[in-house]
Amino acid sequence: MRSIGWSGRARCITNSLVGTTGGVFAREQLIRTLSWQGALTVADLGSEMPRAKMDDGEFTDAATVAAIKAWVADVVIANRLTPEKRLARVAEFVTPLGIDVARFGDIPARSA
């Protein structure tokens, strides 16, 4: 297996989709696609039936607001992790999709 060569900084990404079912399959495909391009998925969030959880275009459902805050915090935290711990975080998202984290090779110490 060939690993990605890092010419610059590793890019941590997060994934969020809303829809009737929370976009489970779309989120999985997005993670697969971006992983093969070298993105490091460190957080993922789906929101089912978003309009029912909103008022005037803003989320008002307490559980959804808490989930969004945790999702954002996950990205901030991931950018501060050591490369080894960041790669372990990425593994949580890509391994169930059949992607071996070894393909990412050695990632830089800091993400941009």
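**View 1. Thr-41 is a buried residue, with a relative accessible area of 0%.** Buried here means under 20% relative accessible area, exposed means over 50%, and partly exposed is in between (1.4 Å probe, protein chains only). What you're looking at is a predicted model, where local features need pLDDT of at least 70, side-chain atom pairs count only at pLDDT 80 or more, and totals for chains, interfaces and linings use all residues. Residues are numbered from 1 along each chain as its sequence is written, and side-chain values use heavy atoms, with hydrogens and water left out. Thr-41 sits in strand β2, residues 40-48. Helices (H or I, at least four residues) and strands (E, at least two) are DSSP runs, numbered from the N terminus. Setting aside neighbours within four places in sequence, Thr-41 has contacts (heavy atoms within 4.5 Å) that include Ile-13, Ile-31 and Phe-93.

**View 2. Asp-44 and Arg-27 join up in a salt bridge, at 3.1 Å from N to O.** Asp-44 belongs to strand β2 and Arg-27 to helix α1 (residues 24-36), so this pair ties together parts that are 17 residues apart in sequence. Asp-44 is partly exposed at 26% relative accessible area, while Arg-27 is buried at 13%. For a salt bridge, a side-chain nitrogen of Lys or Arg has to be within 4 Å of a carboxyl oxygen of Asp or Glu. That rule gives 2 salt bridges.

**View 3. Here Lys-53 and Glu-48 form a salt bridge, with their closest N and O atoms 4.0 Å apart.** Glu-48 is partly exposed, with a relative accessible area of 37%.
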